[in-house]
Structure formats: structure tokens, C-alpha cells
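Q: I have a new model open on my screen and would like to learn how to read it. Could you walk me through some of its features?

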Amino acid sequence: VIRDWSSDVCSSDLESNVKPRSQCDPQTDPDHQSSGKPEGSRGESYLHTEFTGTRAGYSSGRRWGMCTEVGGKMSEKEIVFCKSGGCTAKLGAGVLEHILERLPKGKKDENLLVGYDSKDDAAVYRLNEHQAVVQTLDFFPPMVEDPYIFGKIAATNALSDIYAMGGEVKTALNIVCFPESMDLNILGKILQGGAEKVQEAGGSLAGGHSIADSDVKYGLSVTGVVDPEKIWENNGARPGDCLILTKRLGVGILCAANRVNQAPKGAMEQVIASMTTLNRKASEIGRKYPIHACTDVTGFGFLGHLHEMMDGRHSCKIYADRLPVFDGAESCAEEFLLTAAGQKNRNHLEQYVRFENVSFGMEEVLYDPQTSGGLLFAVPGEVAEELRGELREAGLPAEIVGKVMERQEVEIQVEGRK
């Protein structure tokens, strides 16, 4: 749905229900009730988005598209650059499990050290005794309006899987879906942002592939290398390990709040800074320590990736008051500024989780899908504080957020303040 504040059209369905603003009944038309012009909009076009919260969803998207005549009036039929993107666009974990478990496995290759059956962050294939290739790919629709920033975020997110395996980035290939009717300068900005992040990672951008599509999508296929004896799998945690998280949580919630102009002042600047920070430094520091397990926290949320780390063999206790969380994320969640992907995560995971003295808002933060989130380490307790200290000295908001235990009745226990 499109709202152009410079016109007199108000509509909840432009295809079939266009009417002049003067005919909208403010008592019965929920679209009109929420249609007060946002402060500072200056006649820009606001795009209605799918949204699970209680407020109408308007995104201050840019006006890139074509004009069509609808109901006798000229209205801009836009290609929406920013609707609901990033890792909130992932298929739910439950759907993927249902599909992947039915795929034919084929003959086992002893050199395939990590494959899709392990639910890990990337595939690892051994070349020789001292070297293995790490392969991954990741792409998604935009979650911010600036194409250059989107390119940086998408690339940072894709590169992260190499770091989560303890590897080093070597090459990357662009993956592009782009509408033929859209300004190619936009694509140029996306690719510029991505290329800069590949260079920052120490890799080489070696090419790519593009297709015409109705919506924008971008990401990378990335190849790295790792010592076969030093791979960080996501399910190697041991009882007694401490859990360390290297970035703040709440990305999806704050992006959702931003789409309805409800994000706290300065919140998106903090979120974007986090989403464009490579996990390279955290990974390099982690290699100095005996990491038992590692994953990056992305679309399945903190609890989803933690569930994969426990692997049905262990349990853990999480201390809610120690979790690094963006300012305003919990309060936005309390106002039901949520994502559909977060609710999919809750539906899939709530059978494995027990909360004690934890607010609804914090629960939602823990289910919230993260785009380009931090690394989650499982390390021996005796080195945890030292690792945390070194990560924080490097400027990362790392915290020890919990501990791994022997398997218990409840897999994940989240404790708040009593």
C-alpha cells in the first residue's frame, strides 16, 4: 500500500479501495486514523508494510518506481526498496528442518568435515592435512533505505559465517536480484558497499551473478580457509563452559520500530554501526583461546542459535540482566513493535525455553531475528573472563551471558532479577 502525502488519496488497498481523503471516516477507517503526517516528512512518500505490531506500518522509503492509473487517479506504483528485509526474511527453522531431513544424503565424503546435516554456519571441506575450504552464502532484501548502507550490511552478514567457523576470508562472489525498471545507480551503490566490506575483510571480490527480479536482494557467496584441526563447530559446547556474546541484541525489533517512525532517537545509528561491524576482530581474538563452540547470532535469534549449540545434548542457563541489548529494544518490544520472524522463532523454540522473572519485552529480544549479529562463544570457564576483557578492549560490547550444563529437563533456562 502506498501513501503519498502530496495527494488526496487515502487507501488500505490501492488495487480495489481507492477513495479521496475527504471521504475517509476517521471513526471507522483505521487507515485514516493512523494517517497523520509524520513530523519531518516534507511531502515524501510513505510505504505501508506488513507488520505484526499494533501500529500501522509506514516506512520512509524512497520513491523509486512507475506511475499507474488506479480508480481514475494517478498513483505511484512503487518498487519498495525497504519493506521487511535482512535476516527477518529467512524461512523459519521448523520449515527448514522438515525439508532438510528428507533430502537424499548420498555417499558420505570423509573430507566433508561440516555439511548441512549439522545445522552449522558454513560447509567445510578438507583439502589436505593442514588446509580446509570454508564455503557459505547469504543474501536478503533490504532492511534500511540507503542502498550503500544496505550493501555494507548484507556483505558483513555474509562474511560472518567464515568468522563463526574460525576461518579467514579469501574470495567472495556477488549475488544480485534487481528490478530492470529501477535506477542502476542504486545497484551501483549496493555493490560499492559490499565491495568495501570484502576489502576490509582481507578478501578479493572475484565476480558474481545477477538476475532480474521484482524486488531487490543482495548478498555474497564467500570462500575462506581454516585449519582442519581448528574448526569451530556450533555444537561442541561442554558442561562448565561459559557463553560469551560479542554484539548487542534487538536489531529486528528496532528496525521494525523504525519502519513505523517509533524507534528511539539515535537507535538506528547504533544498530547500523553494529550491523556493519565485521566479526573479524572477535574471531581473531577468539583464536587465541580454546573455543569449544561458536556460532553467529542471526535470523533464528539468540535463543534459536543457542538451541542449535546445545544440540539436544546439553542445557544452559542464561542471565537476562547480563545480555548486551540496544537501548530502547526492550521497551519497543513491550509496545508490540515486533517482527513476524520473531514470532516464528517463538513458536518453534518456546518448548525448549523456560523464563523466570523475565519481562515480555526481554523475551521478545531473545527471540528477535538479528541481521549481522555477533558471535556466540562457548569457552572453558577459567578463560572466559580473560577473553571477555580482550574483546571489550577491542571495542566490542562482549559479555559473559550464561553457562553450559549437563542435560536437564529444560534445555534453556533464562533467569532475570529476582
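This is a predicted model: local features need pLDDT of at least 70, side-chain atom pairs count only at pLDDT 80 or more; totals for chains, interfaces and linings use all residues.

Q: How many residues does helix 4 have, and what should they span?

A: The expected span is 1.5 Å times one less than the number of residues. Helix 4 runs over residues 184-200, which is 17 residues, so it should span 24 Å; the end C-alpha atoms lie 25 Å apart, in agreement.

Q: What should I look at around the two ends of helix 4?

A: At its start, a side-chain oxygen of Asp-183 comes to within 2.9 Å of the backbone nitrogen of Asn-185. After the helix comes Gly-202, with a positive phi near 85°.

Q: Now the charged side chains, please. How many salt bridges does a search of the whole structure find?

A: Side chains of opposite charge can pair when their charged atoms come close. In this model the search gives 13 salt bridges. One of them joins Glu-363 and Arg-346, at 3.0 Å from N to O. Glu-363 belongs to helix 11 (residues 360-367) and Arg-346 to helix 10 (residues 340-349), 17 residues apart.

Q: Which other glutamate meets Arg-346 in a salt bridge?

A: That is Glu-364, with an N to O distance of 2.9 Å. Glu-364 is in helix 11 and Arg-346 in helix 10, so this pair ties together parts 18 residues apart in sequence.

Q: What about the salt bridge between Arg-354 and Glu-356?

A: Its N to O distance is 3.4 Å. Arg-354 counts as partly exposed at 36% relative accessibility, and Glu-356 is partly exposed at 29%. There is also a salt-bridge network that links Glu-385, Arg-388, Arg-392 and Glu-399.

Q: Which residues make the nonpolar surface patch of about 320 Å²?

A: Ile-99, Leu-100, Leu-103 and Tyr-116 make this patch. Leu-100 sits in helix 2 (residues 93-100) and counts as partly exposed, with 32% relative accessibility.

Terms used
Residues are numbered from 1 along each chain as its sequence is written. Side-chain values use heavy atoms; hydrogens and water are left out. Helices (H or I, at least four residues) and strands (E, at least two) are DSSP runs, numbered from the N terminus. A polar contact is a pair of N or O atoms within 3.5 Å; within protein, one must be able to donate a hydrogen and the other to accept it, and residues adjacent in sequence count only if both atoms are side-chain atoms. Patches are made of residues with over 30% relative accessible area and no salt bridge: like charges are joined within 9 Å, nonpolar side chains (Val, Leu, Ile, Met, Phe, Trp, Tyr) within 5 Å. Accessible areas come from the Shrake-Rupley method with a 1.4 Å probe; for residues, only the protein chains shown count as cover. A salt bridge is a side-chain nitrogen of Lys or Arg within 4 Å of a carboxyl oxygen of Asp or Glu. Buried means under 20% relative accessible area, exposed over 50%, partly exposed in between (1.4 Å probe, protein chains only).
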